[in-house]
Amino acid sequence: MIVERLPGRPTVLLVGSVRGLAGEGAAVANQLDEFAPSAVAVSLSPEETETLSQYFVGTPTEPVVPLSASEAAHAVGLARLGEVQVPAPALLSAVDWARRHDRPVLGIDPPEDSYAEMFAAHIGYFELVRRTLRERQLVKAPPEADTPDEYALAWDRTMRPGAGSQTLARARDAYAADQVREMGRTAATVAVVVDRERFDAFYAAFGGSARRT
C-alpha cells in the first residue's frame with residue numbers, strides 16, 4: 001500500500017492498495033479513521049460500488065463471487081505473496097467505513113455503459129488481439145515479484161501492451177479524477193482508494209509533482 005495526502009479543494013487522502021490482498025482492508029480502515037474524511041471515493045463503477053454496499057457490507061452472509069480466468073490467475077499469483085480475498089478487501093473496507101460513519105461513498109470509475117463506449121473508442125481490432133494474448137499469457141504464467149506492490153505493477157504493465165490501452169487507461173483515470181474534483185464542491189476532505197497500479201495517475205491529477213512508485 002502507498003498513501004499520500006494532497007492539499008487543495010478537496011484535500012485528498014490518496015490510498016493505492018493491491019487489489020485482493022487481505023491485509024489491506026484493515027490498513028485502509030486505519031487510514032480512514034485517522035483522516036476522518038467528509039466523503040469516500042473508490043476506484044469502482046457506480047454499479048460495482050452499489051453491489052458491494054448492498055451484498056457485502058453489514059450482511060450476515062455473502063454471495064459466492066465468480067471469477068474470470070484472468071481474475072483467478074491474478075489471485076493465484078498474488079497468493080504466493082500474501083493471503084488473498086475477494087471482493088477486494090481495501091475497496092470493501094472503504095465502502096464499509098463510509099456506511100458506518102454516515103459518509104457518502106462514490107464509485108468514481110465510468111458507469112458500465114460509458115466504459116463500454118470508452119473501450120470501443122480506444123481499442124481497435126489489433127489492440128484487442130494483443131490484449132487477449134497478454135491476458136492468456138498472464139493466466140498461464142502470472143508475473144514473478146518479490147512484493148505485492150511489484151506484482152500489481154507488473155501485472156498491469158503486461159496487460160497494457162499498446163497505445164490504445166494506454167489512452168483508454170488515461171481516459172478512465174481522467175474521468176475518475178474529475179469525479180473527485182466534483183465531490184470537492186460539497187466535501188472539504190475526500191479519501192480516494194484506488195488500485196495500486198493507478199496511484200501515479202491520480203497522484204499527478206491531484207497535484208503531485210513526482211512519481212511515487
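## Terms and ground rules

Two strands pair if DSSP finds at least two bridges between them. Helices (H or I, at least four residues) and strands (E, at least two) are DSSP runs, numbered from the N terminus.

What you're looking at is a predicted model, where local features need pLDDT of at least 70 and side-chain atom pairs count only at pLDDT 80 or more, while totals for chains, interfaces and linings use all residues. Residues are numbered from 1 along each chain as its sequence is written, and side-chain values use heavy atoms, with hydrogens and water left out.

## The overall build

The chain has nine helices and five strands. Read from the N terminus, they go β-β-α-β-α-α-α-β-α-α-α-α-β-α. The C-alpha trace spans about 45 × 35 × 35 Å along its principal axes.

Of the 213 residues, 46% are buried, meaning under 20% relative accessible area with a 1.4 Å probe, protein chains only. Now for contacts, meaning heavy atoms within 4.5 Å: among those with a separation of 6 or more, 78% come from residues 24 or more positions apart.

## A strand with two neighbours

Let's look at strand β3, residues 39-42. Which strands does β3 pair with? On one account, four bridges tie β3 to β5 (residues 189-195), running parallel; here Ala41 has Val192 as its bridge partner. Three bridges also link β3 to β4 (residues 105-107), again parallel, with Val40 opposite Val105.

In a regular strand, side chains alternate between the two faces of the sheet. Both faces of β3 are covered: Ala39 and Ala41 are buried on one side, Val40 and Val42 on the other.

Conventions:
Buried < 20%, exposed > 50% of the residue type's maximum accessible area, 1.4 Å probe, protein only.
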